[in-house]
Amino acid sequence: MELGTGLAVKTMQSLRTKLSLSYVMVTLICVAGISLLANLLLEQQFRKYVKDTMARQNQEIVASLTMHFNETNTWNSSSINDIGINALERGLIIRVADSQGRMIWDATLHNSGMCSQMIAHMAQNMASRYPNWKGRYEERKYSVLNNFRKVGTVTIGYYGPFYFNDYDLAFINTLNRILLAVAFFASFFSLLAGAVTAKRISSPVARVIDAAQRIAAGNLQSSDYPKTDIKEINQLIHTVDNLSVTLQKQENLRKQLTADVAHELRTPLATLQSHLEAMIDGIWPCEPARLKSCHEELLRLNRLVKDLGRLARYEGNNMMLHLSRFDLGELIAQMRLNFETEFLIKGVALNTETRSLEIEADKDKISQVLINLIDNALKYTPSGGTVDITLSEADDSLTVAVSDTGCGIAANDLPYIFERFYRSEKSRNRATGGAGIGLTVTKAILERHHGAVDVRSQAGKGSVFTITLPKNQNPETE
Ligand code: ADP
């Protein structure tokens, strides 16, 4: 068996592990997806923002220089100094020249160490975020105008194509750290949620497994099943419970049948034994009358064995129906023909109603039901009596009534006549009586068709057996 192989055992995981791992996996995939998306979007926006900020800063520097020149109409290196240092603090290296190209202020001359240090720091910032980043020092030139006349040039140098300053980088790194913490906590909670959910599922399942194992070991007592709000587990519990009830029923049926069969066999066997022993011991002479009585007991045993065969075929839940549509009135007419001679010989009148009514059922089994009822009516009706068979129709069912003017059934026998091997005291003593199986089989066949059988009887006056059958069988309940 596959379960027994090392591989199968190795790959088997508990529900708790499986659920927890799945939860963690889903969580990690979600957090990783969100992080990736956030970083991509953020980066796009950030690049744009950084480029826009740089362009704005450049414009501000040019505007400050223009304003400064307009105020004094000459270049004053000390006030340019302020603008230059300010720019330097923002990561921009500026050089200002007058209209003839003479240098007025140069950041690299002002603080060469700081400039190269700044460029190196920016390169380091970018490399920390993008290891393969290829940035370099870039410059842009702008004209300073006074009344539409060029009065100077400002060259703004920066680390290009763009750069992240310390604040930008800190923002991105903090965001990623937050996402990492979210992933960690989400994984922890999903592990917890997985374990809790798995426990909620696995503990009732484990108890159902226990109950099923007890059933397998033969303990069919109903178990104390767990309460759960999970639909599928409730269905499982219901199924296992039904299984134990069905097995219990089958077990009782088996025990009952064994006891009944033993009981039924005991009497003819004891009679045979005592008769034969008496003849062997010479107490009774071995004459034909004695042998005939032994032969009758043997015949009774033979009938019993045949009836047991019928019972096995019809009783129980595994009776198969071979459904077809047929005319029930026609079937009754057919029965009448088959029984005609027997009724004639016994001197019992048989009246049947001829009506054409269609039904969907197993024809052979319904024939068996009619044979049982007509046979009983004939058996228990003395010569000169009458047996009537009538057929009637309701909305979705048909009813057949077999009434006789026979010996009837005593009120104390009536509740038991459908039980296996039950015979009224009168018929028990008769040589013609059956084993008490015919009505059991009749009831089983009708129940299998979702129909019913009912009896009304009065001792000494006669009996009426009424069977009701649905016109159609519902395939879902088959
Ligand atoms: P059996 O083979 O003994 O007839 P059944 O199961 O057919 O077994 O019937 C059970 C018992 O019901 C019979 O033994 C008999 O006592 C009683 N019974 C059945 N049908 C009739 C009837 N039409 N009239 C009187 N008694 C009947």
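This is a predicted model: local features need pLDDT of at least 70, side-chain atom pairs count only at pLDDT 80 or more; totals for chains, interfaces and linings use all residues.
1. Four strands form an open sheet in the order β2-β1-β4-β3, and their pairing is antiparallel. At the edges lie β2 (103-106) and β3 (136-146), each of which pairs on one side only. On average, neighbouring strands of this sheet are turned by 15° against each other, direction ignored.

2. The pairing of β1 with β4. Strand β1, residues 93-98, runs antiparallel to strand β4, residues 149-160, and six bridges join the two. Within this pair, I94 of the sheet stands opposite I156 in β4.

3. Helices on the sheet. Helix α3 (residues 77-89) packs on the sheet, where it touches β1 and β2; the direction of α3 makes about 35° with that of β2. Helix α5 (residues 112-129) also packs on the sheet and touches β1, β3 and β4. The angle between the directions of α5 and β4 is about 45°.

4. The largest nonpolar core. This core comprises 47 residues. The residues with the most contacts inside it are L328, F343, I366, L370, V400, F465 and I467. Helix α10 (residues 363-379) supplies the largest share of the core, namely seven residues.

5. Surroundings of L328. Leaving aside residues up to four places away in sequence, L328 touches L357, I359, I366, L391, L398 and V400. Two of these partners, I366 and V400, are themselves listed with L328 among the residues with the most contacts inside the core.

6. The second core. A separate core has 38 residues, among them W75, W133, V154 and Y159.

Methods:
Residues are numbered from 1 along each chain as its sequence is written. Side-chain values use heavy atoms; hydrogens and water are left out. Two strands pair if DSSP finds at least two bridges between them. Axes are lines fitted to C-alpha atoms, for helices over the stretch in contact, and angles run from 0 to 180 degrees between N-to-C directions. Contact means heavy atoms within 4.5 Å. A nonpolar core is a set of buried Ala, Val, Leu, Ile, Met, Phe, Trp, Tyr and Cys residues joined through side-chain atoms within 4.5 Å. Buried means under 20% relative accessible area, exposed over 50%, partly exposed in between (1.4 Å probe, protein chains only).
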